[in-house]
Amino acid sequence: MKKITIAIDGHSSCGKSTMAKDLAREIGYIYVDSGAMYRACTLYAMQHELISADGTVRTAELEAQMPQVEVSFSLNPTSGQPDTYLNGECVEAAIRTMEVSNLVSHVAALPFVREAMTRLQQQMGEAGGIVMDGRDIGTAVFPHAELKFFVTASDEIRAQRRFDELKAKGQQPDFDAVLRNLRERDHIDSTRAVNPLRQADDALVLDNSHMTKDEQREWLLERFKERIAR
């Protein structure tokens, strides 16, 4: 049976990555977290003092250094999930901090960053059998993906999920700050000039505001079965 490409887009903190990981594991596909790739680029900019706390990016210098930014994934044998690597160093924990979250949309909005990451994502998925989540997977990276989802939920519910996730990692987040960050990222992602966040015309919409993880998993799996049965 031919393996298809599955694109999962949507707003931040909707649980896209968890859903995509679960679906990929269930159907034996490869999972790629495209958001982690942009977070890794942001971490690089932070490490090299190419971005300030207010999101101002030294664009010319970052663009010149983009050939030196190598983002890859390697399966973690303990978790069974792919970890993100930046220039050979595992940065999975470092890219999930609020500091990176506060700046990632500014870096991800840069055309040369999006072009570089889109090329890499397309290379990863050219053979099919992949589940990739992000902001523009079904519209820009894989516009001809056989199955597309667009995930959303209310602002407050998404902020609470992000807040709980950060606390579980030992961080001490402020809920109002998390909510502000989420709304700011939504605005930047939806209004950027290059490949903004939007629902693909042929995407299936999932509002998971009041769904459990098991219910989401079953819903996605059913849509996958329906698609490959055609």
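Me: What percentage of the 230 residues in the protein is buried?
Reply: The structure is a predicted model, in which local features need pLDDT of at least 70, side-chain atom pairs count only at pLDDT 80 or more, and totals for chains, interfaces and linings use all residues. Residues are numbered from 1 along each chain as its sequence is written, and side-chain values use heavy atoms, with hydrogens and water left out. A residue is called buried under 20% relative accessible area, exposed over 50% and partly exposed in between, using a 1.4 Å probe and protein chains only. Of the 230 residues in the protein, the buried share is 51%.

Me: How many helices and strands are there in the protein?
Reply: Both kinds of element are DSSP runs numbered from the N terminus: helices are H or I runs of at least four residues, and strands are E runs of at least two. The protein has nine helices and eight strands.

Me: Why does the radius of gyration of the protein agree with that of a compact globule?
Reply: The radius is taken over C-alpha atoms, and the globule rule is 2.2 Å times the number of residues to the power 0.38. For 230 residues the rule gives a value near 17 Å, and the radius of gyration of the protein agrees because it is 17 Å.

Me: What share of the contacts with a separation of 6 or more joins residues 24 or more positions apart?
Reply: A contact means heavy atoms within 4.5 Å. Among contacts in the protein with a separation of 6 or more, residues 24 or more positions apart account for 73%.

Me: How many salt bridges does a search of the whole structure find?
Reply: A salt bridge is a side-chain nitrogen of Lys or Arg within 4 Å of a carboxyl oxygen of Asp or Glu. A search of the whole structure gives a total of 18.

Me: Which residue forms a salt bridge with Asp22?
Reply: The N to O distance in this salt bridge is 3.2 Å. The pair links distant parts of the chain, with Asp22 in helix α1 (residues 16-27) and its partner in helix α9 (residues 213-228), 195 residues apart.

Me: Are Asp189 and Arg135 buried or exposed?
Reply: Asp189 and Arg135 form a salt bridge, with their closest N and O atoms 2.9 Å apart. The pair links distant parts of the chain: Asp189 is in helix α8 (residues 175-191) and Arg135 is in the loop between β6 (130-134) and α6 (137-141), 54 residues apart. Both Asp189 and Arg135 are buried.

Me: Which residues does Asp155 touch, not counting residues up to four places away in sequence?
Reply: Asp155 lies in helix α7 (residues 155-168) and is partly exposed, because its relative accessible area is 25%. Asp155 also belongs to a network of salt bridges with Glu156, Arg158, Arg183 and Asp186. Not counting residues up to four places away in sequence, Asp155 touches Leu179, Leu182, Arg183 and Asp186.

Me: Where is Gln81 placed?
Reply: Gln81 is buried, because its relative accessible area is 15%. Not counting residues up to four places away in sequence, Gln81 touches Lys21, Arg25, Ser74, Leu75 and Asn76. Its place is in the loop between β3 (71-75) and β4 (82-86).
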